[in-house]
Amino acid sequence: MTSIPFNNRYVNLGEAFYVRTHPETVAAPALIKFNDELASSLGLSVANVEDCASIFSGNVIPEGAEPLAMAYAGHQFGGFNPQLGDGRAILLGELVHPSGASVSVHLKGSGQTHFSRNGDGRAALGPVLREYLLSEAMHKLGVPTTRALAAVTTGEQVARERMLPGGVITRVAKSFVRIGTFEYFAARDNYDAVKQLADYVIEHNYPQLREVENPYQALLQAVVDAQAKLIAQWMQLGFIHGVMNTDNMSIAGETIDYGPCAFIDAFDYNKVFSSIDQNGRYAYGNQPSIGMWNLTRFAETLLPLLAKDSDAAIEIAKNILETYIETYQRAWLDGMRAKCGLLAVSDKTAHKDKVLIDDLLDTMAAGRADFTLTFFYLSRLSAQPSEADEDIRKLFARPAQFNQWFIKWRERLNNESLNDEQRQVKMQAVNPVYIPRNHQVEAAIRAAEDHGDFSVFRDLHEVLQNPYEVQKGRNHYMSPPKPHEVVSKTFCGT
Ligand code: AMP
Ligand code: MG
């Protein structure tokens, strides 16, 4: 596979949008993992291992690729940085998916670019493995996300807090355009470029909007909807992105830029893993409102395209942004009802159901109950009290904390028409057995970085291919960390 049928369009936007850059070669690339399933869904023929390692380390540029580093800006922890850009990543090219949709292929860790500032343009192996595991797990969990196509080691060391083996991950996304890409041009008052970018995004990611009366209003609405639904899914799985800067928010509504992200074990609204998020700006419970904050930054970049009159444009933007709250709340409630087995739903019971669900989460937070296991056991319970109730009760610091909620939940189940088994099947389809628990991700990284042993990574990856099905002999992947296994901090330093 030295030729990939690329069909590059971003290049046509012009040189204001990127800097053409070749990856820097590495000493001894070796393939860790290639995603055959994704490759064949993209119509890529499976390469031999050596070809794979050469291409996905950046040593060989496949025919048809026009590699470039994309320019973007971004609000980082609330402060605006007018120039970020791909400092350690390169857009290799764009492909047309057999379904007709366009996808972009990106190398991360492939060397310095025009946008590297003081960075080395490289990635350490650990973050490459973390991104591979988490992004593929998110996909299998049903969450829109960039995918991992390949991971390689470079045979070189990178200097971080200590010397670490280097790696490169190849990611595939519907788009690598970010809110920060729009901000880059708006900050320079280059609204021709904002319009060009918006047209590109509409063409490639929202083609259904091409013919509508004001495609830019529709684009804002579509991105608002996609982000609202995406963040609702994060919340339902206990996922914490960790760095919801506007440069890490995809215009296509996918989870993007896996850095210090992690899943919650013991439930806590204020949970933060990222070592650099000292004020908890991107804590679990803040994610929905940060989504709104980020989308407001996006709307600001589009104002001149929304209407000729600036007051009218602001009014339009405000109205569209307001729908975020409703869309988010609707998506959140729908998903949480499904998780709790509240399937006979009507608008009339929406408020009561929300109170019941919030009560569950509050009880979980007070009892430090494991997020994933609580829903796992809940989706195995019957409408009548039984011995199995004990499984869930003992997840709580004080088991009696859960009794009240059980009573209320079972009262609510009286409205349901499905029998236990039917309800359980539906609940189990939305409540995972396995998530990439942070201590297990860390164990996979430690084995690989410290001992060159990728078996822990491979086993964990395999379990996560089927997150909703109990797999024999793999109980330990369900377990929360023992006190000495807890990994409470994650780092960005790719
Ligand atoms: P991120 O942590 O992905 O949100 O990255 C923020 C910015 O820092 C982006 O412009 C990255 O390209 C840049 N960056 C992060 N790590 C490196 C690195 N090792 N070398 C060069 N640039 C980097
Ligand atoms: Mg980023």
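Reader: Which helix does D311 lie in?

Author: First, a word on how to read the model. This is a predicted model, in which local features need pLDDT of at least 70 and side-chain atom pairs count only at pLDDT 80 or more, while totals for chains, interfaces and linings use all residues. Residues are numbered from 1 along each chain as its sequence is written, chains are lettered from A and ligands numbered from 1 in the order in which they are written, and side-chain values use heavy atoms, with hydrogens and water left out.

Now to your residue. D311 lies in helix α8, which covers residues 310-340. Helices here are DSSP runs of H or I with at least four residues, and strands are runs of E with at least two, both numbered from the N terminus. D311 counts as exposed because its relative accessibility is 57%. The cut-offs are these: buried means under 20% relative accessible area, exposed means over 50%, and partly exposed lies in between, using a 1.4 Å probe and protein chains only.

Together with D309, E315 and E322, D311 gathers in a patch of negative charge on the surface. To join a patch, residues need over 30% relative accessible area and no salt bridge; like charges are joined within 9 Å, and nonpolar side chains (Val, Leu, Ile, Met, Phe, Trp, Tyr) within 5 Å. Asp and Glu count as negative, Lys and Arg as positive, and His and the chain ends are not counted. The place of a charge is taken as CG of Asp, CD of Glu, NZ of Lys or CZ of Arg. The areas come from the Shrake-Rupley method with a 1.4 Å probe, and for residues only the protein chains shown count as cover.

What about charges that do form salt bridges? The structure holds 34 of them, each being a side-chain nitrogen of Lys or Arg within 4 Å of a carboxyl oxygen of Asp or Glu. One of them joins R20 and E66, at 3.5 Å from N to O. That pair links distant parts of the chain: R20 sits in strand β1 (residues 18-20) and E66 in the loop between α2 (49-55) and β3 (68-70), 46 residues apart. R20 is partly exposed because its relative accessible area is 45%, and E66 is partly exposed too, with 30%.

Another pair sits within one helix. D199 and K195 form a salt bridge, with their closest N and O atoms 3.3 Å apart. Both belong to helix α5 (residues 191-205), four residues apart, or about one turn of the helix. D199 is partly exposed at 30% relative accessibility, and K195 is partly exposed at 37%.

R412 and E416 also meet in a salt bridge, at 2.9 Å from N to O. Here R412 counts as buried, since its relative accessibility is 9%, and E416 is buried with 12%. Salt bridges can also link into a network, as they do for R130, R162, E442, R446, E449 and D450.

To finish, try the strands. Strand β9 (residues 147-159) pairs with strand β2 (residues 30-34) in the antiparallel sense over four bridges; strands pair if DSSP finds at least two bridges between them. Across that pairing, F34 stands opposite A150 in β9. Nine bridges join β9 to the antiparallel strand β10 (residues 163-173), and a hairpin connects β9 and β10 through three residues. There, A148 has R171 in β10 as its bridge partner.
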